[in-house]
Amino acid sequence: MRPRILIVEDEPIVALNYASILQEAGYESVGPVGSIKKGLDLIASQDLDGAVLDIDISGLPVDPIIMALRRKRVPFIFVSANPDQVGPHNEAVFLPKPCTAIQLISAIRQLVQKQARTDLQECKD
């Protein structure tokens, strides 16, 4: 089963590029979506292994999406041109926009592997 990665990005060309990169690397892209509401709907209805988030979606911070992902224990990374907007979410990996395919895949791979180790440890406990 391929890891499922949500993409929340309000620039359609960028979002489709991320989806293509992820699919070529063996991941299943969920979305992409370009609004907070659509992102929340997918988080509620889908099993996810990770997420790629822009910090700002149509002028709105992605905080509601971050909180929903945290409730479901889904890790995420930021890809954004606005590093100063990370705010209290600095535990997430941040990639500057534009990022390369290698940077994106490397960050997602680390994210998914770290989550798998965490899940395995919890099963043992």
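E9 lies in the loop that runs between β1 (4–8) and α1 (12–24), where helices (H or I, at least four residues) and strands (E, at least two) are DSSP runs numbered from the N terminus. The structure is a predicted model, in which local features need pLDDT of at least 70 and side-chain atom pairs count only at pLDDT 80 or more, while totals for chains, interfaces and linings use all residues. Residues are numbered from 1 along each chain as its sequence is written, and side-chain values use heavy atoms, with hydrogens and water left out.

With a relative accessible area of 2%, E9 is buried (buried is under 20%, exposed over 50% and partly exposed in between, for a 1.4 Å probe and protein chains only). Not counting residues up to four places away in sequence, E9 touches V14, A15, Y18, V33, G34, D54, I57, V79 and K97, contact being heavy atoms within 4.5 Å.

## Cis peptide bonds

K97, one of the residues that E9 touches, is joined to P98 by a cis peptide bond with omega about 0°, and P98 is found in the loop between β7 (93–96) and α4 (101–124). A further cis peptide bond, with omega about 5°, joins G31 and P32, the latter being placed in strand β2 (residues 28–33).

## Positive phi values

Most residues other than glycine have a negative phi, and most peptide bonds are trans. S58, although not a glycine, has a positive phi of about 55°; S58 sits in the loop between β4 (56–57) and β5 (60–61) and is exposed, at a relative accessible area of 56%. R73 has a positive phi near 60°, is found in the loop between α3 (63–71) and β6 (76–80), and counts as partly exposed at 43% relative accessibility.
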